[in-house]
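Thanks, everyone. Please have the structure open while I talk.

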Amino acid sequence: GRSPTASAPSSAGDPLREAVGRGTLLSSLPGPAEDEALDDAVLRKEDFVWSEHEFNDGEKENKRVLRRFTKEFKQMAADTPEGLRNPKLLTAALDLALACVKCYELDKADSIYRRCIGECRRRGMPWDIKCIQDMATLRCKQHRQADAAELLEELASKAPPHPATFINLGTVYNQLRQYDKAETWFLQAINLKGGVPEREDRWNLGIVKKHKGECYEALPMLQQALKEFQEEEPDQPVTIAKVHTSVASCLHDMGRFEEAAEQHRTARSLFLNTVGPRSPLFSGAAEGLAKSLKAMGLHGDAYEALLESLEVHATCDAVHPTPLFEHIQFALDLQGLAPDLVDLGRLRRLIDDGVANLEARGQAEDGNAGLVMCRAGKALLRAGGEDNARRAGELLRRGKDLVRRSHDSGEANLAHEILDAAR
C-alpha cells in the first residue's frame with residue numbers, strides 16, 4: 001500500500017493478512033475547499049438523506065426502504081440528461097451507494113461507485129474525498145481490507161488531518177492484524193480531538209489490546225464503552241450490538257465462555273431484530289456464539305449457531321473462501337465430538353450455494369476455492385448417502401486439481417492438503 005503523510009506512521013512493506021474485525025468505518029464529510037468543484041456546486045451533508053436512514057427495522061422493511069430510494073434515484077437519473085456530470089445526480093448517486101453499503105447490498109454499491117469515482121476525481125475536493133472514504137467502507141465489508149487501506153492512505157495524503165480518517169485507518173489495520181500500526185492511528189485520532197478518549201476510542205483501543213492478547217486491559221475498556229453507548233446512544237441498537245460482540249470476543253479469549261455466550265446471544269438478538277438474519281453482522285454474532293457454545297461442550301447448540309452463520313457466508317455479496325472453509329472445518333470438528341447431534345447432511349445446500357456464489361464472482365478457480373471444495377467433499381462423504389457421495393466426488397476431484405495447480409505454481413505450499421484430499 002501507499003504511505004500516508006509524513007506525520008503519520010509508514011505503512012510500506014508490511015504483509016497484508018486475512019481480514020478480521022468490525023468492518024465499519026466512520027462518516028466524515030470535509031467542508032468545501034476553495035477549488036472544490038468546477039461548476040461551484042457544493043457537496044452538502046444535508047443532501048445525504050438516504051444514507052442517513054438507520055436501516056434498523058428488520059430485513060424485510062430495510063429492503064423495502066432501499067427499493068424505494070433506488071426507484072427515486074432512477075427517476076432522478078431519467079430526468080437528468082447530462083448524467084453524473086450533474087452535481088445533484090452525482091450527490092444522489094453517492095447517497096444511494098452508501099445506503100446500499102449500510103444494507104450490505106455490496107454489489108449494487110460497487111457498481112455505483114465505479115460510475116462515480118471518475119467524475120468525483122475530476123471535480124476534486126470534497127467530492128473525491130467523500131467518494132474515496134465511502135469506497136473504503138465498501139472495501140472493508142467486501143473483505144478487501146488491503147484495498148481499503150490504500151484508499152484511506154490516499155485520503156490521508158490529500159485531505160487535511162481529520163480524526164475520522166485516522167480512526168478508519170486504525171480500523172482497517174486492526175482488521176489486517178497489524179495491531180501496532182492500528183493503535184498508532186487510533187492514538188493520533190485521540191490527540192487530534194484534544195487528547196481525551198471518548199467511547200468510540202475506548203472501543204477501538206480495547207479491540208486492539210484484545211487482539212494483542214492484553215485481554216485484562218481490554219475488557220474494562222470494552223465494558224465501559226458498552227455502558228456509555230447504552231446510556232448515550234440507546235437509539236443505536238446496531239452499534240450497541242457490535243460492542244456486545246467485542247466484549248464477548250474478549251471474554252471468550254479469557255476462557256469465560258458462559259459470559260461470552262450471553263453477550264453473543266444479546267448481540268444476535270439485536271442484529272436479528274434490526275438488520276436481519278442475512279446480514280454479515282448477524283453472522284458474526286452467530287459464529288461467535290457457536291465458538292463459545294463449543295467451548296462449553298454444547299455441541300448440538302453450537303452446530304445450530306454455526307449453520308446460521310454459514311448461511312450468510314454462502315449467499316452474501318461479500319462471499320470469501322476463507323470463512324467458508326473455516327465453517328465447514330468447524331462443522332467437521334463438532335461432528336467428531338458429537339456425531340449423534342451433528343447431521344453433516346444439513347451442510348449440503350449451503351455448500352452448493354457457497355460454491356455457486358464463488359463461481360458467479362470469479363472466485364472458484366484458485367487454490368483457496370480448491371481448499372473449500374476439498375473440505376466440503378470430505379464433509380459430504382462423512383454425511384453419508386449416495387447423492388452426497390456423488391457430490392462429494394465432484395467437489396474432491398475439482399478441489400484437488402485446483403489445490404495441486406496452486407501448489408505446483410508456487411502460490412502456496414499445499415502439500416498437506418493434496419495428501420488429505422487423496423485419502
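Start with the side chain of S309, which makes a polar contact with the side chain of H327 at 2.7 Å. Bear in mind throughout that this is a predicted model.

Where does S309 sit? S309 belongs to helix α13, residues 299-315. Is S309 buried or exposed? Its relative accessible area is 0%, and buried means under 20%, so S309 counts as buried. If we leave out residues up to four places away in sequence, S309 touches S283, A286, E287 and H327.

Next, the charged pairs. As a general point, side chains of opposite charge can pair when their charged atoms come close. How many salt bridges does the structure hold? The count is 46. I'll take three of them.

One is between the side chains of E154 and R121, at 2.6 Å from N to O. This pair links distant parts of the chain: E154 is in helix α5, residues 145-158, while R121 is in helix α3, residues 106-123, and the two are 33 residues apart. The two partners have their own accessibility values. E154 is buried, at 12% relative accessible area, whereas R121 is partly exposed, at 39%.

E154 also has a salt bridge with K158, where the closest N and O atoms are 3.5 Å apart. Here both residues lie in helix α5, four residues apart, which is about one turn of the helix. K158 is partly exposed, with 32% relative accessibility. To put E154 together: a buried residue with a salt bridge to R121 and another to K158.

Which of the two is buried, and which is partly exposed? K209 is buried, at 15% relative accessibility, and E217 is partly exposed, at 45%. K209 and E217 also belong to a network of salt bridges that links them with D180, E183, K212 and E214.

Now the helices. Two packed helices are described by the angle between their axes and the distance between the axes.

Take helix α14, residues 321-337, and helix α16, residues 367-383. Their axes come within 9 Å and cross at roughly 25°. Angles under 35 degrees count as roughly parallel, so α14 and α16 are roughly parallel to each other. Their crossing is left-handed. On the α14 side, the contact residues include L324, F325, I328 and L332. On the α16 side, they include A369, L371, V372 and R375.

The other pair is helix α15, residues 348-360, with helix α17, residues 386-408. These pack at an angle of about 30°, with axes 12 Å apart. By the same cut-off of 35 degrees, α15 and α17 are therefore roughly parallel to each other. The crossing of α15 and α17 is left-handed. The contact is made by R348, I351, D352, V355 and E359 from α15, and by D387, N388, R390, R391, L395 and R398 from α17.

That's the end of the list. Questions are welcome.

How values were computed:
Residues numbered from 1 in each chain as written. Predicted model: local features only at pLDDT ≥ 70, side-chain atom pairs only at ≥ 80, totals over all residues. Heavy atoms only, no water. Buried < 20%, exposed > 50% of the residue type's maximum accessible area, 1.4 Å probe, protein only. Polar contact = N/O pair within 3.5 Å; in protein donor to acceptor, adjacent residues only side chain to side chain. Contact = heavy atoms within 4.5 Å. Salt bridge = Lys/Arg side-chain N within 4 Å of Asp/Glu carboxyl O. Axes fitted to C-alpha atoms, helices over the stretch in contact; angles between N-to-C directions. Parallel < 35°, antiparallel > 145°, perpendicular 65-115°, else oblique. Left-handed = near helix turned anticlockwise from the far one by under 90°.
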